[in-house]
Amino acid sequence: MKEKVENKEIKQKDTYTKESIVKSKKYSNRKDLLMTILEDGVEYTFEKVDSLIEEFMKEVK
């Protein structure tokens, strides 16, 4: 999906549900963690998921 803002195209990043992210191959080794830190009904970008994982891991240490 694209929006035009001041004659510049901005590409919006794809978002995914908690269920889609948990089932993805990319995060197959983090399923338990994702079930805990992601909220139902919210969509996330992969960048946001990576950021949430990183924040969680810093807090645990």
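User: Does Tyr27 count as buried or exposed, and at what relative accessibility?

Analyst: This is a predicted model. Buried means under 20% relative accessible area. Tyr27 therefore counts as buried, with a relative accessibility of 4%.

User: Which pattern do the helices and strands follow along the sequence of the protein chain?

Analyst: The protein chain has three helices and four strands. Read along the sequence, their pattern is β-β-β-α-α-β-α.

User: Where is Ser24, and which backbone oxygen does its side chain reach?

Analyst: Ser24 sits in the loop between α1 (18-23) and α2 (31-37). Ser24 counts as buried, at 15% relative accessibility. Its side chain reaches a backbone oxygen at 2.7 Å, and that oxygen belongs to Ile21.

User: What does the buried part of α3 pack against?

Analyst: Helix α3 covers residues 46-60. In this helix, Val49, Leu52 and Ile53 are buried. Seen down the axis, the buried residues fall within an arc of 100°, so they line one face of α3. The buried residues of α3 pack against α1, α2 and β4 (43-44).

User: How many residues does α3 have, and what is its reach from first C-alpha to last?

Analyst: At 1.5 Å a residue, the expected reach is 21 Å. The model comes close to that. Helix α3 has 15 residues and reaches 21 Å.

User: How many aromatic pairs are there, and what is the angle between the planes of Tyr16 and Phe46?

Analyst: The structure holds two aromatic pairs. In one of them, Tyr16 and Phe46 are stacked, with 4.7 Å centre to centre. This pair links distant parts of the chain: Tyr16 is in strand β3 (residues 16-17) and Phe46 in helix α3, 30 residues apart. The angle between the planes is 15°.

User: Why is the pair of Tyr27 and Phe46 tilted?

Analyst: Planes under 30 degrees apart count as stacked, over 60 as edge-to-face and the rest as tilted. The ring centres of Tyr27 and Phe46 are 5.8 Å apart. Their planes stand at 55°, so the pair is tilted.

User: Which residues do the ring pairs link into a cluster?

Analyst: Phe46 is partly exposed, with a relative accessible area of 25%. Tyr16 is also partly exposed, at 29%. Tyr27 counts as buried. Ring pairs link these residues into a cluster: Tyr16, Tyr27 and Phe46.

User: What share of the residues of the protein chain count as buried?

Analyst: The protein chain has 61 residues. Its accessible surface comes to about 5300 Å², of which 48% belongs to carbon and sulfur atoms. The share of residues that count as buried is 23%.

Conventions
Residues are numbered from 1 along each chain as its sequence is written. This is a predicted model: local features need pLDDT of at least 70, side-chain atom pairs count only at pLDDT 80 or more; totals for chains, interfaces and linings use all residues. Side-chain values use heavy atoms; hydrogens and water are left out. Helices (H or I, at least four residues) and strands (E, at least two) are DSSP runs, numbered from the N terminus. Buried means under 20% relative accessible area, exposed over 50%, partly exposed in between (1.4 Å probe, protein chains only). Accessible areas come from the Shrake-Rupley method with a 1.4 Å probe; for residues, only the protein chains shown count as cover. A polar contact is a pair of N or O atoms within 3.5 Å; within protein, one must be able to donate a hydrogen and the other to accept it, and residues adjacent in sequence count only if both atoms are side-chain atoms. The expected span of a helix is 1.5 Å times one less than its number of residues. The arc is that of the directions from the helix axis to the C-beta atoms. Contact means heavy atoms within 4.5 Å. Rings of Phe, Tyr and Trp (its six-membered ring) pair if their centres lie within 6.5 Å; planes under 30 degrees apart count as stacked, over 60 as edge-to-face and the rest as tilted.
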